[in-house]
Amino acid sequence: MNKPGCRAGRRARKKRRKKHDYVYKVTHEAQFVLLRRWLKGKGFTSQSLIPVNFHDTGRGLMANQTIKAKDSVISLPEKCFLTTEAVLKSYMGDYIKRWHPPVSPLLALCCFLIAERHRGDASEWSPYINILPKTYTCPVYFCDDIIDLLPRSLQKKATEQKEQFQELYCSSVMFFHSLQPLFTQPSEELFTQDALQWAWCSINTHTVYMEHDQSEYLSREKDIYALAPYLDLLNHCPNVHVEAGFNKQTRCYEVKSVQGCKTFQQALINYGPHDNNRLLLEYGFVASGNPHSVVVYVDLETLKLCLDEKNKQLTQKLLYLRDNDFLRNLTFGMDGPSWRLMTALRQLSLKPEQYSCWKSVLLGAAVSWDREEWCIHSALKLCNNLNGDNVKALERLSQLKQGANLSLLEQLCVVESLRQEEQRILEHTRVVLQNLWGQ
């Protein structure tokens with residue numbers, strides 16, 4: 001006969017095991033042991049947060065004990081950060097100081113990261129560099145075929161990101177050559193486009209915002225980057241509220257939880273009210289159910305699909321909308337087309353004899369029922385077009401995932417996630433429009 005507490009004890013143990021099936025602790029892996037030991041030498045220890053692999057977000061930090069509301073999640077001492085100040089004090093500092101025109105704070109950090117990765121275990125920063133991702137899912141890593149699978153509104157921004165990176169690389173080649181005395185290996189083999197791509201993404205995705213005094217040896221671009229070991233393992237969640245910033249009294253970067261965090265839950269941070277387009281562009285991921293990503297953007301080329309290109313007044317109408325700033329932020333949301341989109345469509349729907357209403361339309365006035373019907377029909381046409389584009393993209397993504405290597409698969413999955421989020425919004429807005437059309 002079982003003792004009264006035995007069955008309950010087994011149930012509790014089973015429940016605890018089930019609860020942690022979705023995580024894999026990595027605390028005892030060599031690279032994390034070295035990282036924590038290295039950070040301890042710099043004055044940082046963390047008993048409340050341990051590194052873990054989560055099935056949904058990947059690597060992150062789990063609360064090892066309850067973190068109460070308003071309590072500190074993490075407090076990282078200033079000397080743990082990798083900033084341009086550390087770079088200028090390093091073996092690379094004199095080369096940066098001598099170079100004219102001065103390099104940007106971003107490029108200085110990129111070059112130092114590349115050089116330190118090359119030095120391997122001889123690098124003071126190797127315990128940190130060794131846990132940085134080897135590749136990223138930011139659009140700068142995407143080939144043209146994958147960029148073509150992004151929503152139209154994001155394709156242009158992703159292409160611009162790649163072009164800006166390419167310009168940075170090409171304009172930096174001579175500076176790379178100037179660093180040759182520091183290395184036995186040819187600089188062109190060390191400071192490759194792939195290496196700069198890795199360093200550029202590492203900085204863009206792993207730094208915290210921290211304003212520094214402007215150095216006379218660097219360009220006038222804002223020096224706001226600080227690579228934050230261990231702290232950068234905290235993942236983003238749009239529904240989490242934290243207070244974060246550098247405390248000048250303690251000389252630590254502090255993150256405090258507004259809501260608190262239970263034991264064995266993932267400790268999370270909030271990067272800001274970013275929609276999924278921005279998260280993908282800047283950080284290389286998509287947040288499912290993101291409350292800041294409840295719209296699908298309609299770009300000008302998509303808008304033109306519902307217009308009669310032969311209409312002689314079309315060019316004039318589009319110019320009027322552009323001059324009044326009504327050709328951007330045109331969106332569909334969970335509750336249908338936005339006010340800006342419907343206002344733009346009303347303006348485009350006007351017949352010549354209705355042009356006197358232009359100003360009142362910009363203020364939200366409807367002109368006539370037949371024009372309102374045209375607007376609803378056009379909005380439905382745009383919605384169906386975007387939805388069809390989504391379906392085709394998802395089909396193509398599914399095909400490309402077959403047999404893709406891990407790096408490519410990660411890129412395809414993040415684009416797929418964005419497309420799925422947009423499809424969910426478009427399905428909602430289509431129902432709204434169909435109901436309006438049926439009235």
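This is a short tour of a predicted model, one selection at a time.

Residues are numbered from 1 along each chain as its sequence is written, and side-chain values use heavy atoms, without hydrogens and water. Because the model is predicted, local features need pLDDT of at least 70 and side-chain atom pairs count only at pLDDT 80 or more, while totals for chains, interfaces and linings use all residues.

**Confidence**

Colour the model by pLDDT, the predictor's confidence in each residue, from 0 to 100. The protein averages 90, and 94% of the residues score at least 70. Select residues 1–21: pLDDT stays under 50 there, and the model has 4 contacts (heavy atoms within 4.5 Å) beyond four places in sequence for this stretch. Helices (H or I, at least four residues) and strands (E, at least two) are DSSP runs, numbered from the N terminus. Confidence is lowest in helix H1 (residues 4–19), with a mean of 41, and highest in H5, with 98.

**The largest core**

A nonpolar core is a set of buried Ala, Val, Leu, Ile, Met, Phe, Trp, Tyr and Cys residues joined through side-chain atoms within 4.5 Å. Buried means under 20% relative accessible area, exposed over 50%, and partly exposed in between (1.4 Å probe, protein chains only). The largest core has 76 residues; Ile-96, Leu-113, Leu-196, Tyr-230 and Leu-231 touch the most other members. Helix H5 (residues 105–119) supplies the largest share, 10 residues. Now select Leu-196: leaving aside neighbours within four places in sequence, its contacts include Leu-107, Phe-165 and Phe-176. A second, separate core of 31 residues includes Val-296 and Leu-380.

**The open sheet**

Select strands S11, S12 and S13, which form an open antiparallel sheet in that order. Two strands pair if DSSP finds at least two bridges between them. S11 (295–297) and S13 (336–337) are at the edges with a single partner strand each, so one side of each has no neighbour in the sheet. S11 is joined to S12 (residues 331–333) by 3 bridges, and Val-295 stands opposite Gly-333.

**Salt bridges**

A salt bridge is a side-chain nitrogen of Lys or Arg within 4 Å of a carboxyl oxygen of Asp or Glu. The whole structure has 15. Show Glu-124 and Lys-42, which meet at 3.3 Å, N to O. These two residues are 82 residues apart; Glu-124 is partly exposed at 48%, whereas Lys-42 is buried at 12%.

Last, show Glu-416 and Lys-401, a salt bridge of 2.9 Å, N to O. Glu-416 lies in helix H17 (residues 406–438) and Lys-401 in helix H16, so the pair ties together parts 15 residues apart in sequence.
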